[in-house]
Amino acid sequence: MSRDQRNLSGAEDSLKGAVVQASPHYGDVATDDNGEPIHFDPKLERRLRWKIDLYVVPTVALLYLFCFIDRANLGNAKIAGMDRDLGMKGYQYNMIISIFYISYILFEIPSNILCKWMGPGWFIPLVTVLFGVASVGTAFVDTVPQAAGVRFLLGIFEAGMMPGVAYYLSRWYRRSELSFRLSLYIVMAPLAGAFGGLLATAILKLKSFGSLESWRMIFAIEGIITIGLGILAFFTLTDRPETAIWLSPEEKKLAIARIRSERIGSTQVLDRIDVKKMKRGIFNPVTLSTAFVFLLNNITVQGLAFFAPTIVATIYKDRSVVQKQLFTVPPYIVGAFFTLLFPLISWRIDRRQIFFILSAPLVMVGYSMFLGSHDASVRYGATFLIASSAFCLGALTNAQVSANVVGDTARSAAIGTNVMLGNIGGLISAWSYLPFDAPNYHIGNGLNLAAAATVLVLSTVTLLWMKADNKRRLAVDVEEKLRDKTPQEIEDMDWTHPGFLWAL
């Protein structure tokens, strides 16, 4: 047996059959039966992490890219004449956006439960194929009600995508590692804004695609690409470490052991679906606070995705359709850079809450510029400030709710809750930029300014509360609190376990 295998075997044996405990000396670090912290060989972990990065992240990132493109291409289609061809009047464009979010919100948590029941390795490719079909269907609508119906279906199929991928990655990564890995797929949201604009521009240069022309080609071609990627994912996406044919038996043991090492009071990595455990995830105070932050943040993110083309069109009125599409790209490139940078720093310092606080001021400055200036260059510059700080919270909020629960079911419910409330923000954004408020959009810009200010206050208060509660928990006698409880009762405690500390 090699030295690496002996190191792994020792760590695995320390965890096997024992409940991971919280040591009064080491906080919420996993300890063995003697109260000593469990360590894994850093070289082995680094090698395993790199392998998981290569085999898992690229597939889900590519799927999410086209998920977001299929969702946000409505803005590109509108510039290309969709509203005119369907005879949209008044608030009908906003209504079509809203229909998507209504189904998305209603099916968010049920979709995540289904994802856990089916296994993300099957669920994620399935919904990818289905929302690709819905996107293709949009190419054939002739009336506003037909467009609304297809968007409702798109919302159902996309509801489980973002929380499903976040839950899926939590099966593979430690909580400190998770925020950066989440950013590697959530960065596809701003890249979808950039790439989606470029792709729409290229598609619109075609004379026709079969019998389809103009904006209809955007939905058809992008939808067909999505379907193809979904079918491919059935063969490439591994459900969990135990089933990974690309991991050696020793690597599988390490992958499972290091995740289990962070599950305080738990003997299982994948537990059974249980209503009590689901409630632990949904009604966790950090989940609720973080989800409300994501709601406010999503007013900005989704509003930018749907209305950036419209905003650019009002700034550069005399440019061609293709030029207007291209002007939406640079802010998203900047946003993508910071979507990776902040979670990378978060991983290195194992902190997330502070980045909620730091992201708000730039968004506030950006929308203040929209409100305070009519100069086209100033307003266009404001979109760069907003994109640079708003998009990163998608990864950080999902990582934060994941880090502050223990069980697998609670984690699935917490991520589902976060994304569900986030998409209520998307629904609000659909009504934040209204036709009568054009071209300055005082209501939409004012709402986003207020949302960013609220994020600043709420995130600061939550951080102070988490620190105070951790101080209180450290003073508790853990053994005394757990004296009369059974192993099952201890496992069901999740974040109410007296040895649990909030991850900042």
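Let's start at threonine 59, which sits in helix 3 (residues 57–79); helices here are DSSP runs of H or I with at least four residues, strands are runs of E with at least two, and both are numbered from the N terminus. This is a predicted model, in which local features need pLDDT of at least 70 and side-chain atom pairs count only at pLDDT 80 or more, while totals for chains, interfaces and linings use all residues. Residues are numbered from 1 along each chain as its sequence is written, and side-chain values use heavy atoms, with hydrogens and water left out.

**The chain as a whole**

- The protein chain has 24 helices and two strands.
- Of its 504 residues, 60% are buried, meaning under 20% relative accessible area, with exposed set at over 50% and partly exposed in between (1.4 Å probe, protein chains only).
- Take the contacts (heavy atoms within 4.5 Å) between residues at least 6 apart in sequence: 81% of them join residues at least 24 apart.

- Threonine 59 is buried, with a relative accessible area of 18%.
- Leaving aside neighbours within four places in sequence, threonine 59 touches Ala233, Thr236 and Leu237.
- Threonine 236 lies 177 residues from threonine 59 in sequence, yet their C-alpha atoms are 7.6 Å apart.
- Leucine 184 belongs to helix 10 and is partly exposed, at a relative accessible area of 23%.
- With neighbours within four places in sequence set aside, leucine 184 is in contact with Val57, Ala61 and Leu340.
- From leucine 184 to leucine 340 is 156 residues in sequence, but 6.7 Å in space, C-alpha to C-alpha.

**Helix 17 and serine 346**

- Helix 17 (residues 329–349) has 21 residues and reaches 31 Å from its first C-alpha to its last, close to the 30 Å expected at 1.5 Å a residue; the expected span is 1.5 Å times one less than the number of residues.
- Its buried residues are Val329, Pro331, Tyr332, Gly335, Ala336, Thr339, Phe342, Pro343, Ser346 and Trp347.
- Seen down the axis of helix 17, these buried residues fall within an arc of 150 degrees, so they line one face of the helix; the arc is that of the directions from the helix axis to the C-beta atoms.
- As a reminder, an α-helix has 3.6 residues a turn, so residues three or four places apart point the same way.
- On the other side of helix 17, Phe337 and Arg348 are exposed.
- Serine 346, part of helix 17, is buried, with a relative accessible area of 0%.
- Apart from neighbours within four places in sequence, serine 346 is in contact with Ser179, Arg351, Arg352, Phe355 and Leu396.
- Aspartate 350 follows helix 17 and has a positive phi, near 50 degrees.

- Helix 2 (residues 42–55) has 14 residues and reaches 20 Å between its first and last C-alpha, close to the 20 Å expected at 1.5 Å a residue.
- Buried in helix 2 are Leu44, Glu45, Leu48, Arg49, Ile52 and Asp53.
- Viewed down the axis of helix 2, its buried residues fall within an arc of 165 degrees, so they line one face of the helix.
- Lys43 and Trp50 are exposed on the face of helix 2 turned away from its buried side.
- Helix 7 (residues 120–138) has 19 residues that should span 27 Å at 1.5 Å a residue, and its end C-alpha atoms are 27 Å apart, which agrees.

**Helix pairs**

- The axes of helix 9 (residues 161–170) and helix 10 (residues 175–186) come within 10 Å and cross at roughly 140 degrees; axes are lines fitted to C-alpha atoms, for helices over the stretch in contact, and angles run from 0 to 180 degrees between N-to-C directions.
- Met162, Val165, Ala166, Leu169 and Ser170 of helix 9 meet Leu178, Arg181, Leu182, Tyr185 and Ile186 of helix 10.
- Helix 20 (residues 393–403) and helix 21 (residues 408–429) pack at an angle of about 150 degrees, with their axes 9 Å apart.
- Their contact is made by Thr397, Asn398, Val401 and Ser402 of helix 20 and Arg411, Ala414, Ile415, Asn418 and Val419 of helix 21.
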